[in-house]
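Okay, hi everyone, thanks for coming.

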Amino acid sequence: MSDTTMKDIKGSTNKDQIIIFDTTLRDGEQSPGATMNMQEKFRLAQQLAKMKVDVIEAGFPIASAGDFDCVKNIADHIKDVQIAGLARASIKDIDTAWQALKGGFNPRIHTFLATSDIHLKHKLKMSRDQVLELAVSAVKHAAGYTSNVEFSAEDATRSDLDFVCRVFSAVIEAGATTLNFPDTTGYAMPDEFAGQIRYLVEHIPNIDKATLSVHCHNDLGLAVANSLAAIKAGVRQVETTINGIGERAGNTAMEELVMAIRTRPDQHVVTSNIVTEQIHPSSRMVSTITGMPVQPNKAIVGANAFAHESGIHQDGILKERTTYEIMNPADVGLSSGNLVLGKHSGRHALKDRIASLGYEELTDDDLQRVFSRFKDLADVKKDIFDEDIEAILMDEVLRIPNTYELISLGAMSGNQTLPTSGIRMIVNGKECEGASLGIGAIDAAFKTIAQLTGTTCQLLYFAVSSITGGTDAQGEVMVRLEAADGKIVMGQGADPDIITAAAKAYINGLNRVAYLNMKNKK
Ligand code: KIV
Ligand code: ZN
């Protein structure tokens, strides 16, 4: 069936606007190690609102008291965008989600229940009739709170489609206004997925009363392709995350989906509301907050996405940009040569630059701390780039309050010396200091931090890179730590001194463990 013969689905008029439902804060946070604290989530939600996503899925309020607080904080303070909260098909989940969401602008309850036989048999131990009944009662309960109710049929792509049609039709009658068809396991192929969507459109008699949505996982690298195929087949909401982060191999990458639609209007009948110039600032914010680096060859937001290496290509670009570029880098928020500030730049210039990176609402105190760090850096580094400023913002604005904080570090290393590190830091509000020997200076620093904090994390991964070019560049260290109870967290730190950057990354990881412990205790 072509787009033009498609039955009229709610939200699906001729020149349709696709609804971008962003789940970076919920499914994205399910990426192993990508925990975000309340402040980090709030900053990111502000940025998502700035890039004009239509719906922000802010979290899963029943999951923990910390999750509840994060969703409530976002719903209470971020207006002009729908805020959604996830809930299983249970009264308690839905009541809790509503308590978190109710202060929001057009809040959405997103409830879900699996429909595949494999989930029914092994996970839910329920019959199809029981699932149908539970889905209807959950949606009715949610609809008692708000008319903005989304129902997701978990593992929909491996479900019997006639059963999904029965469930969708019944939940529409019960009050669902968005029906989500997730490829939970990333199993679908684009043609097959489009065929499934068309089947739903043809076989759900009351489909015109709801918006059809998809939520794709990237296990076979097809999340974006499947989402685009689904749009062609008639869906008008797509669930995405920035940088494609999410459970296992992640979700549909928002930046890829949005730029595919924008770059090929001849192929897509839809447009999106997304302010594409905010794509790069958002991508960098997600990467620094979660500590998950973006692979250099990642489409749209990777460091090489607009880099031309071959001489033939460079020559072509110089003659005419469109010879080898299908998108203008400025359209995704990449300024050409992002040299921004230097030693002589003042507070005002810094404030402007910070705002353009998506951090508009800094308090005077925040700005003062960032400015004085900026001046320290400008004393040792000639050119200050956006990435340098973001690294400072990470330390000074997003990571407060911290359980552990580095005050100073001294280290000795070399091939004829016993590597040593002495550290002064704050642990639970108290200043303390210590020193250790190690295999190298970083090993010595990590041992000292472990002693001072009384922690026993295993270092699973360590990577160092330079934030910008030049020998005076700040080093950025990413670590992955496993806590004694099996929790896995990422940590990130940046500094012109690599050993200090490593210590900051390690301490950032420990702060995430402390945050998770506190969040789950509340
Ligand atoms: O992948 C999935 O099925 C989900 C649902 C909760 C929408 O994340
Ligand atoms: Zn998912």
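Let's start with the second largest pocket: its lining draws at least three residues from each of domain 1 (24-290) and domain 3 (404-521). Keep in mind that this is a predicted model.

How big is the pocket's volume? For the second largest pocket, we get about 690 Å³. There are 34 residues lining it, and the closest to its centre are R26, D27, Q30, F60 and E247.

Now, which elements give two or more residues to that lining? Those are strand 4 (108-114), strand 5 (149-154), strand 6 (178-183) and helix 16 (498-521). Helix 16 gives the most, with 3 residues.

And what kinds of residues are we talking about? The lining of this pocket splits into 13 polar, 11 charged and 10 nonpolar residues.

Okay, on to ligand 1. Around ligand 1 you'll find R26, D27, H110, F112, S152, E154, N180, P182, T184, H215 and H217.

Let's zoom in on the oxygen atoms of ligand 1. T184 has a side-chain N or O atom 2.6 Å from a ligand oxygen. For R26, a polar side-chain atom sits 3.0 Å from an oxygen of ligand 1, and for H215 the distance from a polar side-chain atom to a ligand oxygen is 3.1 Å. So how much of ligand 1 does the protein bury? On its own, ligand 1 exposes 260 Å², and the protein buries 94% of that.

Terms used
Residues are numbered from 1 along each chain as its sequence is written. Chains are lettered from A and ligands numbered from 1 in the order in which they are written. This is a predicted model: local features need pLDDT of at least 70, side-chain atom pairs count only at pLDDT 80 or more; totals for chains, interfaces and linings use all residues. Side-chain values use heavy atoms; hydrogens and water are left out. On a 1 Å grid over the protein atoms alone, a cavity is a set of points where a 1.4 Å probe fits but cannot get out, and a pocket is an open set with protein on both sides within 12 Å along at least five of seven lines; lining residues have an atom within 4 Å of a point. Grid points are joined across faces, edges and corners, and a volume is the space filled by probe spheres set on the points. Helices (H or I, at least four residues) and strands (E, at least two) are DSSP runs, numbered from the N terminus. Ala, Val, Leu, Ile, Met, Phe, Trp, Tyr, Cys and Pro count as nonpolar, Asp, Glu, Lys and Arg as charged, and the others, Gly among them, as polar. Domain bounds come from an automatic or database domain assignment. A residue is near a molecule or strand if one of its heavy atoms lies within 4 Å of it. A polar contact is a pair of N or O atoms within 3.5 Å; within protein, one must be able to donate a hydrogen and the other to accept it, and residues adjacent in sequence count only if both atoms are side-chain atoms. Accessible areas come from the Shrake-Rupley method with a 1.4 Å probe; for residues, only the protein chains shown count as cover.
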